[in-house]
There are 2 protein chains.
Amino acid sequence: MTSCQQCVVRNRAICSSLSAPELEVLNKIGRRVPVHRGQTLMWEGDDSLLVANVIDGVLKLSTSTADGREQIVGVVYPSDFIGRPFGSTTQHSVTALCDAQVCLFTRSAFDDFARTHPELEHKLLQRTLTELDRARHWMLLLGRKSAGERVATFLLEMAQRLADASCSGGDAVERFELPLTRQQMADLLGLTIETVSRQLTRLRQAGIIDLPDRRTVVILDHEAMEAEAGNG
Amino acid sequence: MTSCQQCVVRNRAICSSLSAPELEVLNKIGRRVPVHRGQTLMWEGDDSLLVANVIDGVLKLSTSTADGREQIVGVVYPSDFIGRPFGSTTQHSVTALCDAQVCLFTRSAFDDFARTHPELEHKLLQRTLTELDRARHWMLLLGRKSAGERVATFLLEMAQRLADASCSGGDAVERFELPLTRQQMADLLGLTIETVSRQLTRLRQAGIIDLPDRRTVVILDHEAMEAEAGNG
DNA sequence: CGAAAGGTTGAGTGCTGTCAACGTCCGTGG
DNA sequence: CCACGGACGTTGACAGCACTCAACCTTTCG
C-alpha cells in the first residue's frame, strides 16, 4: 500500500505543506491511478469532478475550436497540480503524453480539505500564480514570434524545465528526450507539423542542434539558440 | 478620507472576504492612488514591490520581445487584482489605458496580511484560477485563429465583460466603447494595426457591426458575430 | 492654424499553411 | 525471420493570408 509519506513528489507537490497527521487524512481521500499514454483524464467543458497531483509522467492540457483545431495550453510534469478546484467546469482537456501516474481526488473532497488547510491553499496559490506567469509568457510566443523563434524558444524551455526536474543544479541539459510528437509540438507552438519539421531541419543543418533520433534533441550551440529564440 | 467601507469595489474585490475590523487594518497598509492614461505602474522584469486592486479604469498587462514587439497578456477592470504577490519579480508591465484609480499596497505588507487571512488568500486563489483559465483560452485564439476570427472573438468578449461589469443581467451589451486603440487591439490579438483595421471594415461592410466613431462598436448581428468568431 | 496622434486603404511581398509524395521506424503476424 | 501495415516524420511545390511599406484621411489639441 502506497502512502503519502513515501510519495516521490512528497516534497515538491502542494502536499509538502502538510504535517504527518494531515497527510493521513489526505491519504484517505486520494488514490493513486495509472494513466496510459494517450488516455484523457478530463475533457474540456466537462463538469469539474476531479483534480489530481502528477506523480510521474508528462501530460498535456489542450483546448480546441469548434472545427477541431487544437491548441496545447500547458504541459505538466511530476509534482504539478491538474484540474479546476473551486469551479464548476474544466476549461481544457488533460491527456497523458506518456504512461503516467496521478494522485486523484474528487473535487468536492479536495475543495473541502483545501478550505480547511490554509497552508495547502497557499501552496496551490503560489503554483497557480507561477502557471499564470508561464501562460502569459507563452502568449508572447504565440502572438508575436516567428516559426523559427517559436521552435528555438520551445527547445530552450524544454531543456530548462527538464534541468529543473532533474538534479543538474539548474543548468539546462544539453541533451534530452522530447515528450512530444511533432504534431504535439505544432499544437503547442501554434504551427503546423510541416513547419515544425522544417525549422528543426534548419537548426540541424545550421549546426545549432543535433537530432540523433526523432525523439532526441542535442543542443550544440546554446548561444546561437538564444539568438534564434529572439532573446537577444 | 476614503475608507474601505465606502469603496466602490468593496463587494467584488478580494477584500469582500474581510470583516469590518480586518478592513480597518487593510485600510492602514493600502492607499488610493490615481493613475493617468498611459502611465505605467509596474515594469516587466522589475522586482515585485507593489500589488494593487483596481478601483476604477482599465489597465493592460504586457510583455515585449528583446526587439520591441509587444503582446498584451491581460486587460484588467475594476475589482481585479494586479501585481505578483509571493514572487520576486513582475513578469509583465502594467499600464493604464485610461485615467484610473488603484488601491496600492507594498508587496511585503500585502503578503504578510494575506498569509494571516486565509479567506483573502482563498479569494485571490479563485481570482487567479479564473485568470489562468482566461489566459489559456486566449492562447487558443493566438495560436489557432485567423485574423477575422480574432477580431470577432475580441469584440464578443469585450461585450460580455462590459455586460458582467454593468448591471445588464449578464446579457452582452450591443453597444460599447472600446478602452483600446487599434494598436492596442493589435497587440492583444497578435496582429498588426492594419489587419485589425481591415477586419473591422470588413465586419462593418458586411452589416454585422457598426462603428459610429473610432471608439464605439455596435454589434448589429450577434449570431453572425458568433459565426465569425469561429464558435460553431 | 498647424502638428501630432490615431486610423484607413492600397499595392506588393513573404512566411507559413496546404496538399501531396515519400521516407523511416516499429510492432504484428504469417 | 521477414513481410506488411500503420504511425510518425521529412521534403517539395504552390497558394494565400497577414505583414510591410506607403500614402492619405480624421480627430484632437496646443
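**The surface near DNA strand C**

Mentor: The residues of the surface near DNA strand C comprise two nonpolar, seven polar and seven charged ones, where near means a heavy atom within 4 Å, and where Ala, Val, Leu, Ile, Met, Phe, Trp, Tyr, Cys and Pro count as nonpolar, Asp, Glu, Lys and Arg as charged, and the others, Gly among them, as polar. This is a predicted model in which local features need pLDDT of at least 70 and side-chain atom pairs pLDDT 80 or more, while totals for chains, interfaces and linings use all residues. Residues are numbered from 1 along each chain as its sequence is written, chains are lettered from A and ligands numbered from 1 in the order in which they are written, and side-chain values use heavy atoms, without hydrogens and water.

Trainee: Which helix supplies the largest share of the surface near DNA strand C?

Mentor: Helix H6 (193-205) of chain A and helix H6 (193-205) of chain B each supply at least two residues, helices being DSSP runs of H or I with at least four residues and strands runs of E with at least two, numbered from the N terminus. The largest share, four residues, comes from H6(B).

Trainee: How far is a polar side-chain atom of A:Thr195 from a phosphate oxygen of DNA strand C?

Mentor: Of the atoms of DNA strand C within 4 Å of the protein, 65% belong to sugar or phosphate. A:Thr195 is among the closest residues, and the distance from its polar side-chain atom to a phosphate oxygen is 2.5 Å.

Trainee: Which residue stands opposite B:Asp210?

Mentor: Strands E10 and E11 of chain B run antiparallel and are joined by two bridges. In E11(B), the residue opposite B:Asp210 is B:Val218.

Note on methods:
Polar contact = N/O pair within 3.5 Å; in protein donor to acceptor, adjacent residues only side chain to side chain. Pairing = 2+ DSSP bridges.
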